[in-house]
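Please open the model in your viewer and keep the selection tool at hand. The tour moves from one stop to the next, and each stop begins with something to select.

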Amino acid sequence: SGLLRVSISNDSVYYYSMYPMILVEKGRLLPVFDSFLTDAGQGTAVLGTLPFFFGFEQSFGIQRFLGLNFLLIFVLAVYEEALKCLSRKKALIVTAMSSLFLATSAPFIIMEKWMMSNHYMMVFLFLVFYLAWRGQGEGKKSIDFHIASGIFAAVLSTLRMEGGMILCFLILCISLLTYGNKRLLFVYLLPLALIQGAYYTKIFMFMELNPAYQFLSKEKAWIQMGIIAALFIYLSFIRHRLPWNLEQQMPGIILGGLAFGNLLLLLLNPIIYIENIKAFAANFFHQSGWGFFAIFLLIFLLSLPINQYHFGYMDLAWIGYLLLGVAVCWARDGILREGIGDSGNRVMLQAVPLIVYSMTIRIIVCITERFNREE
């Protein structure tokens, strides 16, 4: 109908329209697709095959309706959480303000309209993060709930090349919640290990690839599988066996580990790291897709009551994600640039719903504590 307009770039057509069409026509992955296999996540392309099975000429409609559906999910997520602490009227007001803020923010509008994998990544990143928060507690949710969470997590790992790394980080964040180790292993880590291991085996052992540009190399694949193995060891033998005071400091330890990792990357290649930081800063402060969101975020951070601040799951998720984003972009072996379309900038824009939700919950907690003091 043309009522829902889209923004299309070269990658939109190349990776997420033509590639899905070819997959449907050929029925399988072939070595001649080599530039796709090591340069973009397969998950978005696989989702994009659906319209071509039914005779449609492009895949972009999926994303627009996914964006509308996601807004409804976000509204429900905020309302359910607000209702735990506030009256129905106050919860509705907070939900309306938070959802309107997200829906009208420049980062969300750009991601929602731009036909790229970043929109899928943005949605599934929030879904995995939120469903983990909503479903915490042994026995509180049915097995169906955790199967759905595992499917969302597995898909998240395939949407972009760095998807597996991002899911590993999310699993670390989720380990701060009340899940048992077995549930973490079977719901999140096992699907990740199986789908990534199978994919790497397929393209590196059974297909001869010779792409002109290779973001995903054998070395990076081994590093990612090594991180998955390390996470398995942590969840199986270390978690809940540390001294009590260390267990309480795990959010800070995880964040400190990410900061230390970034320091190592700086020492390994200071030119790329420093130039990338300059690009991130330029995009953030020059409003390259961020609009006034950057100003609101800074105001929010400066207004936090530090003396009453408890650093937890939600804070670690979005702050740690930004640090991980810097590290992932360093691994691309190229220098980022200032501009809305820069890959590093798009990686950061993906986190906006997660940031808005975390900010909203923090504001709800502050409002509740203030009302309790006044009473």
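Contact, a term needed at the first stop, means that heavy atoms lie within 4.5 Å. This is a predicted model, in which local features need pLDDT of at least 70 and side-chain atom pairs count only at pLDDT 80 or more, while totals for chains, interfaces and linings use all residues. Residues are numbered from 1 along each chain as its sequence is written, and side-chain values use heavy atoms, with hydrogens and water left out.

Begin by selecting methionine 359, which is found in helix H19; helices here are DSSP runs (H or I, at least four residues), numbered from the N terminus. Leaving aside residues up to four places away in sequence, methionine 359 touches Leu297 and Phe300. Leucine 297 is 62 residues from methionine 359 along the chain, and their C-alpha atoms are separated by 8.6 Å. Methionine 359 counts as buried because its relative accessible area is 8%, where buried means under 20%, exposed over 50%, and partly exposed in between (1.4 Å probe, protein chains only).

Next, select aspartate 315 and arginine 362, whose side chains meet in a salt bridge at 2.7 Å, N to O. This pair links distant parts of the chain, since aspartate 315 belongs to helix H17 (residues 313–330) and arginine 362 to helix H19 (residues 352–374), 47 residues apart. A salt bridge is a side-chain nitrogen of Lys or Arg within 4 Å of a carboxyl oxygen of Asp or Glu. Both aspartate 315 and arginine 362 are buried, and a search of the whole structure finds 6 salt bridges.

For another salt bridge, select lysine 278 and glutamate 275, where the N to O distance is 3.6 Å. Both residues lie in helix H15 (residues 270–285), 3 residues apart, which is about one turn of the helix.

Finally, select helix H12 (residues 218–238), which has 21 residues and reaches 29 Å from its first C-alpha to its last, close to the 30 Å expected at 1.5 Å a residue; the expected span is 1.5 Å times one less than the number of residues. Its buried residues include Ala221, Ile228 and Tyr234. The buried residues of H12 pack against helix H10 (163–174), helix H11 (181–205) and helix H14 (250–268). Following H12 you will find histidine 240, whose phi is positive, near 70°.

Conventions. Helix = DSSP H or I, 4+ residues; strand = E, 2+ residues; numbered from the N terminus.
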